[in-house]
Amino acid sequence: MPVSSTLPLYATDTLRRIEAQRIAACGGYTLMKRAAEALDREIESRWPLAQRFTIVCGPGNNGGDGYALALRLKAKRRDVCVHALNGLLPGVGDGARAAADWIGAGGSTSPVPARLDRADVVVDALFGIGLLRPLEGAAAAAVAAINQQTAPVLAVDLPSGLCADRGQVQGTAVRATATVTMLVGKPGLLTGEGPALTGVLKLAPLLADGESMLDAPADLDAIGPGWLSTWLPPRRRTAHKGDFGHVLLVGGDHGMAGAIRLAAEAAARGGAGLTSVWTRPEHAAAMLAARPELMVAGGPHGPDFPTLLARATALVVGPGLGRGDWARGLLRPLLSAGRPTVLDADALNLLA
């Protein structure tokens, strides 16, 4: 999903409060049918000629969304095959109601086979945000069956096996062609392994006219080009380099000068008015020969580190920094400097 400005992202704990509020406002089964409608719209938009569908359903509300979609596709005279994890239907709640409606309309289910029959689209409705453990056994086998076939895969809310908060794979995970995520954005869809597994991402708020989401502060914001453009407006013809900040980049331990040099070049090209580099002194001559617009320090000549740090208005720390005593001695004052800071590469390793 292209993020034009910012996309609020909500961790699981916050999302559960939002979900409870929406269920109280309009009912859980209503939300399930709206989710099915959103999935159907994505199918019509992305695969308008698809006629044969395989839907793999789990035991909870994510599976309930799958049954609600199956019922909707059946009403449109599509060929729908539904597989239930372990051959079991959801036992309670809205998922059970959706499964009962599917069976009541003449639908049927079967256990997930080792190899799925040929389909135009496969729908992953196994697990959503409630998955808190690595997939194993029948669940892992179901994911393998989805990944081994060649049809495009539509994931319900998020690919099964992907951690909604951190983007980690929990044992194994579905590789989706597209994902329709419900209510709000989740951090795991845009971090870690999320982007590689999610495919094309669409957000379905599941709101009817006049309804609004719970006013909960986002845990994170995904930043898009529309947001960045507000920070890089056109510059006055009379502007001076001193009007556009002084970025200090710190890194480039022995043998890793290239990383900090490339980062400094990117900072200068990105619009920094003044660009300084603190690195090992033996790197200064080569860096200045390649990029004379950079101000390179690190040795006995020129400003010392505290002086240079005091002048900077923004910091980039980590490219080629290494993990030794030199790096650790630099990182501590940088973290406490109170400047806008980008931490990258070995700075993240040292934090970890």
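1. A search of the whole predicted model returns one cavity of 30 Å³ or more. The volume of the largest cavity is about 30 Å³.

2. The lining of this largest cavity consists of Asp-40, Ile-43, Glu-44, Trp-47, Pro-48, Ala-50, Phe-53, Leu-73 and Arg-78. Helix H2 (residues 28–46) contributes the largest share, three residues. By class, the lining holds six nonpolar and three charged residues, with no polar ones.

3. Two or more lining residues come from each of helix H7 (225–231), strand S10 (246–250), helix H8 (257–269), strand S13 (314–317) and strand S14 (341–343).

4. The lining of the largest pocket comprises 18 nonpolar, six polar and three charged residues.

5. The second largest pocket contains about 560 Å³ of space. Its lining is made up of 27 residues, and nearest its centre are Glu-19, Asn-61, Asn-62, Asp-65 and Ile-129.

6. Which helices each supply at least two residues to the lining of the second largest pocket? They are helix H1 (12–26), H2 and helix H3 (61–75). Helix H2 also supplies three residues to the lining of the largest cavity.

7. In the second largest pocket, the lining residues divide into 14 nonpolar, six polar and seven charged. For the largest pocket, the corresponding figures are 18 nonpolar, six polar and three charged.

How values were computed
Residues numbered from 1 in each chain as written. Predicted model: local features only at pLDDT ≥ 70, side-chain atom pairs only at ≥ 80, totals over all residues. Heavy atoms only, no water. 1 Å grid on protein atoms, 1.4 Å probe; cavity = no way out; pocket = protein on both sides within 12 Å on 5 of 7 lines; lining within 4 Å. Points joined across faces, edges and corners; volume = space filled by probe spheres on them. Helix = DSSP H or I, 4+ residues; strand = E, 2+ residues; numbered from the N terminus. Nonpolar A, V, L, I, M, F, W, Y, C, P; charged D, E, K, R; others polar.
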